[in-house]
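These are my notebook entries on a single structure.

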Amino acid sequence: QQGPRPESRSLGSGFIISSDGYILTNAHVVDGADEITVKLTDKREYKAKVIGADKRTDVALIKIENGGPLPAVKFADPNRLQVGGGGGAIGSPFGFENSVTAGIVSAKGRSLPQENFVPFIQTDAAVNPGNSGGPLFNLKGEVVGINSQIYSRTGGFMGLSFAIPIDVALDIQKQLRDKGRVSRGR
């Protein structure tokens, strides 16, 4: 006999890309969500709706309605990012909100098994469950990527994290905003 399905909660991160409430995160963060609540650093909470998500690149665009301008991040050119340069990841690892970790860029253009659409930025910044969808910053405080994956045998951080370059993510979000889906050539 089946009883009611227990409520399931998931946790991820994201960042505001425009003052009118558009937010970038990972597609796997919002996949299957019935309801999305966005909590800002000042503890304000908003309901969000998914504008679109692309599983192939793991990018999702969501939007909150807040009635006022929001602070948005600044973007860097990820092509200017240097291997060996520093950076930081912000997110909510294991539910610890607004956590910042630092690291260096270990590689650029990294291909991962079964991932042929994203030239990942590899860092050693500590990224754990709950960091997904959060920003990867350069040392100037500009976003260079979206933290997306870790390599782990335990489920926790083991020194390798991968971010989607922000130019790839911004191209995907533009298509999601304009058409609600991503078009690719064959």
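Is F94 buried or exposed? I worked from a predicted model throughout. I found a relative accessible area of 55% for F94, and because the cut-off for exposed is over 50%, F94 counts as exposed.

**Entry 1: positive phi.** I placed F94 in the loop between β6 (86–91) and β7 (99–112). I noted that its phi is positive, about 55 degrees, although F94 is not a glycine. For context, I recalled that most residues other than glycine have a negative phi. I then turned to D58, which also is not a glycine and has a positive phi, near 65 degrees. I located D58 in the loop between β4 (45–54) and β5 (59–64). With a relative accessible area of 11%, D58 is buried, whereas F94 is exposed.

**Entry 2: helix α2.** I checked the length of α2, residues 166–179. At 1.5 Å a residue its 14 residues should span 20 Å, and I found the end C-alpha atoms 20 Å apart, which agrees. I listed its buried residues as I166, V168, A169, I172, Q173, Q175 and L176. An α-helix has 3.6 residues a turn, so residues three or four places apart point the same way. After the helix I came to G180, whose phi is positive, near 80 degrees.

**Entry 3: aromatic rings.** I searched the whole structure for aromatic pairs and found one. The partners are F120 and F162, with ring centres 6.2 Å apart and planes at 75 degrees; I therefore recorded the pair as edge-to-face. F120 belongs to strand β8 and F162 to strand β11 (residues 161–165), so I noted a link between distant parts of the chain, 42 residues apart. I found both F120 and F162 buried.

**Entry 4: S132.** I located S132 in the loop between β8 (115–123) and β9 (135–138). Its relative accessibility is 14%, so I counted S132 as buried. Leaving out residues up to four places away in sequence, I recorded contacts of S132 with G12, S13, T25, N26, H28, V29, N147 and S148.

Entry 5: I looked up the second largest pocket and noted a volume of about 290 Å³. Of its 13 lining residues, I listed R80, L81, N138, K140 and E142 as the closest to the centre. I sorted the lining by class into five nonpolar, four polar and four charged residues.

Note on methods:
Residues are numbered from 1 along each chain as its sequence is written. This is a predicted model: local features need pLDDT of at least 70, side-chain atom pairs count only at pLDDT 80 or more; totals for chains, interfaces and linings use all residues. Side-chain values use heavy atoms; hydrogens and water are left out. Helices (H or I, at least four residues) and strands (E, at least two) are DSSP runs, numbered from the N terminus. The expected span of a helix is 1.5 Å times one less than its number of residues. Buried means under 20% relative accessible area, exposed over 50%, partly exposed in between (1.4 Å probe, protein chains only). Contact means heavy atoms within 4.5 Å. On a 1 Å grid over the protein atoms alone, a cavity is a set of points where a 1.4 Å probe fits but cannot get out, and a pocket is an open set with protein on both sides within 12 Å along at least five of seven lines; lining residues have an atom within 4 Å of a point. Grid points are joined across faces, edges and corners, and a volume is the space filled by probe spheres set on the points. Ala, Val, Leu, Ile, Met, Phe, Trp, Tyr, Cys and Pro count as nonpolar, Asp, Glu, Lys and Arg as charged, and the others, Gly among them, as polar. Rings of Phe, Tyr and Trp (its six-membered ring) pair if their centres lie within 6.5 Å; planes under 30 degrees apart count as stacked, over 60 as edge-to-face and the rest as tilted.
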